[in-house]
Amino acid sequence: MSDKAVEVKNLVIQFGDFKAVNDITFEVPRGEIFGFLGANGAGKTTTIRVLCGLLIPTSGEVFVAGIPGNDPAQIDVLKSKVGYMSQKFTLYDDMTVEENLAFMAALRKIDHGTFLRRKQELFEFVSFHRAMDTTVKDLPGGMKQQMALVASLLHDPEIIFLDEPTAGVTSAVRAKFWGLIKGLAKQNKTVFVTSHYMDEVEQCDRIALLRTGELIALDSPAALKKNTFPEPLYELTGPEPIPYVELEKLKASGLFESFEPHGLSYHVLPKDPASWKSFLDENSRRFKYRQIPPTLEDVFIRLVEGKES
């Protein structure tokens with residue numbers, strides 16, 4: 001068995017003249033929590049659909065659990081190795097918990113004994129204690145997400161793809177869900193996850209950043225922050241919000257590589273230490289500043305959004 005859960009080599013996915021994914025290459029080892037990030041339309045979901053056997057690539061090579069993803073004859077084998085929880089809730093609201101899971105088991109051709117065993121194991125894993133005859137629409141949002149995860153794990157896949165799994169739920173539910181993700185990794189499952197919550201993806205082992213279909217960075221969260229910001233980053237705070245006109249002048253002044261709002265403060269990257277010192281001397285009564293470590297949100301803005309603007 002290969003130690004690589006996912007191998008992607010020069011992957012291209014094209015629809016007519018539009019390249020949704022443009023020549024990307026990466027690998028994901030078994031047991032890793034792998035973050036796959038990018039703005040809307042960057043190609044994340046399209047790539048995941050290929051890796052789950054739902055879409056044949058235009059060109060390039062894909063191997064998932066050692067199974068080639070561009071061989072139609074082996075797509076069913078590939079699908080048996082993966083679990084997929086999409087960003088849109090996929091259970092049936094008007095069916096009960098039991099009916100939904102039984103239906104999923106039937107689609108996966110799971111025998112009744114295995115279904116009963118896996119269902120019990122997974123309910124214990126996610127700490128689900130509601131009655132089986134509860135209609136899904138009557139479950140709280142967090143429990144719906146738990147059930148969607150259970151449904152994607154019934155066939156005991158090696159690799160789990162989670163596409164925006166915590167969208168629209170509370171921070172407490174998000175924290176619990178990421179506890180489950182870490183639990184899956186401890187079982188040597190590979191978890192491939194997309195998210196727009198930067199505090200979540202800090203918990204990934206490695207992160208890939210996509211921009212307009214191209215892979216622009218891949219590393220651990222700590223290395224991404226270090227490599228993206230070799231220069232000092234500062235937090236600039238004033239006694240009141242900076243007026244829009246003045247803010248635009250500061251951005252256009254040539255003093256800053258970036259000048260981004262962050263709550264009531266601004267994260268700024270000076271271009272030149274001498275000019276930065278002069279600015280602080282001239283504005284010492286108005287602004288407070290401190291050097292700060294960069295966040296993944298800073299990385300995302302600089303590498304993805306900054307290059308698109």
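Student: How many residues does the chain have, and what percentage of them count as buried?

Tutor: A residue is called buried under 20% relative accessible area, exposed over 50% and partly exposed in between, with a 1.4 Å probe and protein chains only. In this chain of 309 residues, 48% count as buried. The model is predicted, so local features need pLDDT of at least 70 and side-chain atom pairs count only at pLDDT 80 or more, while totals for chains, interfaces and linings use all residues. Residues are numbered from 1 along each chain as its sequence is written, and side-chain values use heavy atoms, with hydrogens and water left out.

Student: How many helices and strands does the chain have?

Tutor: Helices (H or I, at least four residues) and strands (E, at least two) are DSSP runs, numbered from the N terminus. The chain contains eleven helices and 14 strands. Its C-alpha atoms fill a box of roughly 75 × 45 × 35 Å, taken along the principal axes.

Student: Are phenylalanine 26 and phenylalanine 36 buried or exposed?

Tutor: Phenylalanine 26 has a relative accessible area of 3%, so it is buried. Phenylalanine 36 is buried too, at 0% relative accessibility. Another pair is formed by phenylalanine 34 and phenylalanine 192: the ring centres are 5.1 Å apart and the planes stand at 45°, so this pair is tilted. Phenylalanine 34 lies in strand E3 and phenylalanine 192 in strand E8 (residues 190–194), so the pair ties together parts that are 158 residues apart in sequence. Both phenylalanine 34 and phenylalanine 192 are buried.

Student: Which residues do ring pairs link into a cluster?

Tutor: The cluster consists of Tyr234, Phe256, Phe259, Tyr266, Trp276, Phe279, Phe287 and Tyr289.

Student: Where does a charge sit over a ring?

Tutor: The criterion is that NZ of Lys or CZ of Arg is within 6 Å of the ring centre and within 35 degrees of the ring normal. Here the charged end of arginine 174 sits over the ring of tyrosine 197, 3.9 Å from its centre. Arginine 302 lies over the face of phenylalanine 229, at 5.2 Å from the ring centre.

Student: What angle do H5 and helix H6 form where they pack?

Tutor: Axes are lines fitted to C-alpha atoms, for helices over the stretch in contact, and angles run from 0 to 180 degrees between N-to-C directions. H5 and helix H6 (residues 171–186) pack at about 20°, with axes 10 Å apart. Angles under 35 degrees count as roughly parallel, over 145 as roughly antiparallel, 65 to 115 as roughly perpendicular and the rest as oblique. H5 is therefore roughly parallel to H6. Helix H3 (residues 97–107) packs with H5 at an angle of about 25°, and their axes are 9 Å apart. H3 is therefore roughly parallel to H5.

Student: Which side chain has a polar contact with aspartate 163?

Tutor: A polar contact is a pair of N or O atoms within 3.5 Å; within protein, one must be able to donate a hydrogen and the other to accept it, and residues adjacent in sequence count only if both atoms are side-chain atoms. The side chain of threonine 194 makes such a contact, of 2.7 Å, with that of aspartate 163. Threonine 194 is found in strand E8 and counts as buried, at 0% relative accessibility.

Student: Which loop holds alanine 65?

Tutor: Alanine 65 is in the loop between strand E4 (59–64) and strand E5 (67–68). Although it is not a glycine, alanine 65 has a positive phi of about 55°. At 13% relative accessibility, alanine 65 counts as buried.

Technical notes: Phe/Tyr/Trp six-rings, centres within 6.5 Å; stacked < 30°, edge-to-face > 60°.
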